[in-house]
Amino acid sequence: APIAGSPFTGESWEIPGCATTFRLDAEDFGAMSHLTDLRFAEDGLLASTVDWIDPGAQVSLGFEASGQVARRGEVIACRRDGEVHRIAIRFEHRLAA
């Protein structure tokens, strides 16, 4: 089912494990963040992180779960949710570099 407040429409599903983002922006190049509570949607990913990641940031994503390929994407939303931030990343439709 769709997630309330999600920027993505349609179905979504959980994936096990965690992921790591690697910032590709010149100003924050190389900054890494740990993602948990991973939830895939057709167009991207919803996740939790302790770090604030600016919307518009370009990131490369690596996943702990076997069978998940690295992806590139853009952070399209980041909002505080208690002790963490919930982020939404829209995937590019090509593999990460």
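The model is predicted: local features need pLDDT of at least 70, side-chain atom pairs count only at pLDDT 80 or more, and totals for chains, interfaces and linings use all residues. Residues are numbered from 1 along each chain as its sequence is written, and side-chain values use heavy atoms, with hydrogens and water left out. The protein chain has 0 helices and 7 strands; helices (H or I, at least four residues) and strands (E, at least two) are DSSP runs, numbered from the N terminus.

**Overall fold**

- Along the sequence, the pattern of the protein chain is β-β-β-β-β-β-β.
- Of the 97 residues in the protein chain, 37% are buried; buried means under 20% relative accessible area, exposed over 50%, and partly exposed in between (1.4 Å probe, protein chains only).
- Among contacts between residues at least 6 apart in sequence, 52% join residues at least 24 apart, where contact means heavy atoms within 4.5 Å.

**Strand β2 and its partners**

- β2 is joined to β3 by 4 bridges, and the two run antiparallel; two strands pair if DSSP finds at least two bridges between them.
- Across this pairing, Phe 22 stands opposite Met 32 in β3.
- β2 is also joined to β5, by 5 bridges and again antiparallel, with Leu 61 in β5 as the bridge partner of Thr 21.
- In a regular strand the side chains alternate between the two faces of the sheet.
- The covered face of β2 holds Ala 19, Thr 21 and Arg 23, while Thr 20 and Phe 22 are on the uncovered one.

**Nonpolar core**

- The largest nonpolar core has 17 residues, and those with the most contacts inside it are Leu 35, Leu 38, Leu 45, Leu 61, Phe 63, Ile 87 and Ile 89.
- At least two residues of this core come from each of β3, β4 (44-49), β5, β6 (71-81) and β7 (84-95).
- A nonpolar core is a set of buried Ala, Val, Leu, Ile, Met, Phe, Trp, Tyr and Cys residues joined through side-chain atoms within 4.5 Å.
- In soluble globular proteins, nonpolar side chains tend to be buried together.

**Aromatic pairs**

- The whole structure contains 4 aromatic pairs; rings of Phe, Tyr and Trp (its six-membered ring) pair if their centres lie within 6.5 Å, and planes under 30 degrees apart count as stacked, over 60 as edge-to-face and the rest as tilted.
- Phe 22 and Phe 29 form an edge-to-face pair because their planes are at 90°, with ring centres 5.3 Å apart.
- Phe 22 is partly exposed, at 29% relative accessible area, whereas Phe 29 is exposed, at 54%.
- The rings of Phe 40 and Phe 63 have centres 5.6 Å apart and planes at 40°, so this pair is tilted.
- This pair links distant parts of the chain, with Phe 40 in strand β3 and Phe 63 in strand β5 (residues 58-63), 23 residues apart.
- Both partners are buried: Phe 40 has a relative accessibility of 6% and Phe 63 one of 13%.
- Trp 13, Phe 40, Phe 63 and Phe 91 are linked by ring pairs into a cluster.
- Arg 71 lies over the face of Phe 91, 4.3 Å from the ring centre; a charge sits over a ring if NZ of Lys or CZ of Arg is within 6 Å of the ring centre and within 35 degrees of the ring normal.

- Thr 21, in strand β2, is buried at 1% relative accessibility.
- Leaving aside neighbours within four places in sequence, Thr 21 is in contact with residues including Ala 31, Leu 35, Ile 53, Leu 61 and Ile 89.
- Asp 25 lies in the loop between β2 (19-23) and β3 (32-41) and is buried, with a relative accessible area of 18%.
- Beyond neighbours within four places in sequence, Asp 25 is in contact with Gly 56, Ala 57 and Gln 58.
- Gln 58, in strand β5, counts as partly exposed at 24% relative accessibility.
- With neighbours within four places in sequence set aside, the contacts of Gln 58 are Phe 22, Arg 23, Leu 24, Asp 25, Gly 73, Glu 74 and Glu 92.
- Gln 58 and Val 75 are 17 residues apart in sequence, and their C-alpha atoms are 6.6 Å apart in space.
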